[in-house]
Structure formats: structure tokens, C-alpha cells
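Please look through the sequence and model before reading the points.

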Amino acid sequence: MVSIKGTTICAVKRNGKIAIAGDGQITQGESVIMKNTAVKVRRIYDGKVVIGFAGSVADAFTLAEKFEEMLQKFSGNLMRSCVELAQLWRRDRVMSKLEAMMLVADKENVFLLSGVGDVIEPDGGVCAIGSGGNYALAAAKALYQNTDLSAKEIARKALEIAGSICVFTNGNITVEEV
């Protein structure tokens with residue numbers, strides 16, 4: 001799996017809702033914060049799909065654009081679009097060099113897409129990517145197992161916790177729910 005530094009994205013599926021949260025920090029190298037207010041979580045496909053991306057900004061935008069093309073091609077079928085994108089990502093010489101990962105969700109499913117061709121449906125309704133991903137994942141799992149918070153509340157709180165630990169994650173959080 002690709003190791004991405006520079007952001008944190010967390011997805012939570014609970015009680016028929018899926019929320020994806022992401023921070024707003026763009027980091028150049030190991031020590032310079034270039035921007036605090038980036039939006040790395042957004043709705044696509046007429047608002048029916050939410051994506052959150054981590055990695056190189058240009059690469060992440062390219063990946064998101066290609067994913068939306070797949071959604072159009074396969075009439076919004078999330079699983080099929082993920083698999084086809086992963087295959088393209090592995091086969092295409094230019095795309096295979098993209099340094100990005102994505103979490104994608106519709107009203108029923110959430111998947112992690114990586115640059116090595118992984119399409120992973122997470123166990124337990126929680127997953128996270130990016131430099132603060134492991135912190136957010138641990139926080140989200142603890143909140144999921146020990147509280148009655150909603151998917152949106154867990155995703156936000158997990159990002160807040162990750163931001164208090166990870167220097168590549170800030171408190172400017174965007175959350176989208178489907």
C-alpha cells in the first residue's frame with residue numbers, strides 16, 4: 001500500500017449513514033504548511049457519491065476526475081467503478097505514477113482505493129488514510145465501539161483527535177454524509 005503524507009481522511013459507516021471527513025492542511029515537504037483551508041472531501045456524481053483524497057494535490061484531482069468518469073460510464077455503480085479505476089490505475093503508465101489514495105462512498109458502501117490497485121471494503125464500518133490515518137482510525141474505532149455517536153460525529157471527532165497528534169493534519173475539517 002502507498003504511504004501518503006500530508007492529510008487525513010476518515011470514513012465511518014453507521015446506522016444507514018456513511019460520513020467522510022478530511023482536514024484542510026496542504027504540506028510541502030516535511031516542514032512547511034502551504035494552505036490550511038483545502039477541501040479534500042467532496043460530493044460528485046450529482047451529489048450521490050462522496051470522495052475523500054490524500055496525497056499529491058494534482059494527483060488526487062486527476063484520480064478524482066478519472067473516478068467520476070468511471071461513475072458516469074457505469075451509471076453510478078460504485079463497486080464496478082472502483083474496480084475499473086483500480087485496473088486502469090495499474091495498467092496506465094501515467095496513472096500508475098499517481099501518488100494518491102481515495103475513500104469513496106455512496107449511500108450503501110465505502111471503499112478504499114490505493115495506487116497499487118487495492119479496492120478494499122473496510123471491516124467494522126471504519127477506515128482512514130493519509131499521514132494521520134492511523135490516529136484517526138484508532139480514534140474512530142474507539143468512538144464507534146464505545147459511544148452512540150452518529151457516523152458524522154465519529155468522523156469529525158476522529159479527525160479532531162488525529163489533528164491533535166499528527167503535524168500533517170489540522171483542525172479545519174470538512175465532513176460530508178450520504
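Gly 55 sits opposite Ala 100 in β7. Strands β6 (residues 49-55) and β7 (residues 100-105) run antiparallel, joined by 6 bridges. This is a predicted model: local features need pLDDT of at least 70, side-chain atom pairs count only at pLDDT 80 or more, and totals for chains, interfaces and linings use all residues. Residues are numbered from 1 along each chain as its sequence is written, and side-chain values use heavy atoms, leaving out hydrogens and water.

**Sheet and helix**
- The open sheet has 5 strands in the order β5-β6-β7-β8-β9, with antiparallel pairing (two strands pair if DSSP finds at least two bridges between them).
- β5 (41-44) and β9 (119-120) are at the edges with a single partner strand each, so one side of each lacks a neighbour in the sheet.
- Helix α1 (residues 57-73) packs on the sheet and touches β5, β6, β7 and β8 (110-113); contact means heavy atoms within 4.5 Å.
- Helices (H or I, at least four residues) and strands (E, at least two) are DSSP runs, numbered from the N terminus.

**Cores**
- The largest nonpolar core has 24 residues: buried (under 20% relative accessible area, 1.4 Å probe, protein chains only) Ala, Val, Leu, Ile, Met, Phe, Trp, Tyr and Cys residues joined through side-chain atoms within 4.5 Å.
- Its largest share, 6 residues, comes from α1.
- Met 102 touches residues including Ile 51, Phe 67 and Ile 129, not counting residues up to four places away in sequence.

- β3 (residues 26-28) and β4 (residues 32-35) pair antiparallel over 3 bridges.
- Thr 27 has Ile 33 as its bridge partner in β4.

Technical notes:
Axes are lines fitted to C-alpha atoms, for helices over the stretch in contact, and angles run from 0 to 180 degrees between N-to-C directions. Buried means under 20% relative accessible area, exposed over 50%, partly exposed in between (1.4 Å probe, protein chains only).
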